[in-house]
Amino acid sequence: MANSHVETVAFFGASGGVGLAALKETLKSGRQCVALCRTPSKLTAILPPETNPNLKIVQGNAHDITAVSACLLAHPGVLVDQVISTIGGAFVASKMTLDDPEVCQKGMNVLLESLKRLRKDGAVGQPHIIVCSTTGMSKFGRDIPIAMIPLYHYMLKVPHADKIIMEETLGLK
């Protein structure tokens, strides 16, 4: 008998950039997708529901445990197969920082807490968690061109600190 399991992938940060590109490719592969969006109309304008039947959009924020939990269930009691997180903050030029300097670390904490609660409630599965981080923060030596050092170590100091904590929370550092 053939395996009829269709993978389900949850997306956090899917309405733009890397997350949107990953979502489009995942949909093309035939997998089921669940995307958390603060403003669903932003995503439905790009990926209309009538042409994307494998896409479920949940309105909410990656810092809201209820909304995140809703995205982590492929079926009642069964966790998604993968989680792709590409969340990030918006740059505020006047302050030279992000609108939320802890957006990634808070998002990862909520994601892990949601998984913990769902498992406690009986959900089964072991989702593979993929996060998009950045270059310029390697502990193994310089991973950017010399000309980029001022940008990476001064202008991007705040988002890099957030990404480092996110990675450490996930056990990547």
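Is Thr86 buried or exposed? The tour of this predicted model returns to that residue once its surroundings have been selected.

Stop 1: Begin by selecting residues 13–167, which an unreviewed UniProt entry lists as "domain: NAD(P)-binding". Within this range the chain is 39% helix and 18% strand. With the C-alpha atoms at the two ends of the range displayed, the distance between them reads 16 Å.

**Stop 2: the largest pocket.** Next, display the largest pocket, which holds about 650 Å³ of space. Its lining comprises 28 residues. For a view of the centre, select Gly13, Arg38, Thr86, Ile87 and Gly88, the lining residues that lie nearest to it. Then colour helix H1 (17–28) and strand E2 (32–37), each of which supplies at least two residues of the lining. H1 gives the most, with three residues.

**Stop 3: Thr86.** Keep the pocket in view and select Thr86 from the group nearest the pocket centre. Thr86 sits in the loop that runs between strand E6 (82–85) and strand E7 (91–92). The opening question can now be settled: Thr86 counts as buried, because its relative accessibility is 18% and the cut-off for buried is under 20%.

**Stop 4: the largest cavity.** The largest cavity contains about 60 Å³ of space. To outline it, select Phe12, Ala62, Val68, Ser85, Ile87, Gly107, Met108, Val110 and Leu111, which form its lining. Helix H4 (residues 103–120) is the element that gives the most to this lining, with four residues.

**Stop 5: a nonpolar patch.** Finally, move to the surface and select Phe91, Met96, Met148, Leu151, Tyr154 and Met155. Together these residues form a nonpolar patch with about 590 Å² of accessible area. Which helix gives the most to the patch? Helix H5 (residues 149–155) does, with three residues. Within helix H5, pick out Met155. Met155 is classed as partly exposed because its relative accessible area is 41%, a value that falls between the limits of 20% for buried and 50% for exposed.

How values were computed:
Residues are numbered from 1 along each chain as its sequence is written. This is a predicted model: local features need pLDDT of at least 70, side-chain atom pairs count only at pLDDT 80 or more; totals for chains, interfaces and linings use all residues. Side-chain values use heavy atoms; hydrogens and water are left out. Patches are made of residues with over 30% relative accessible area and no salt bridge: like charges are joined within 9 Å, nonpolar side chains (Val, Leu, Ile, Met, Phe, Trp, Tyr) within 5 Å. Accessible areas come from the Shrake-Rupley method with a 1.4 Å probe; for residues, only the protein chains shown count as cover. A salt bridge is a side-chain nitrogen of Lys or Arg within 4 Å of a carboxyl oxygen of Asp or Glu. Buried means under 20% relative accessible area, exposed over 50%, partly exposed in between (1.4 Å probe, protein chains only). UniProt positions are given in the numbering used here, feature names are shortened, and annotations may be inferred rather than shown by experiment. On a 1 Å grid over the protein atoms alone, a cavity is a set of points where a 1.4 Å probe fits but cannot get out, and a pocket is an open set with protein on both sides within 12 Å along at least five of seven lines; lining residues have an atom within 4 Å of a point. Grid points are joined across faces, edges and corners, and a volume is the space filled by probe spheres set on the points.
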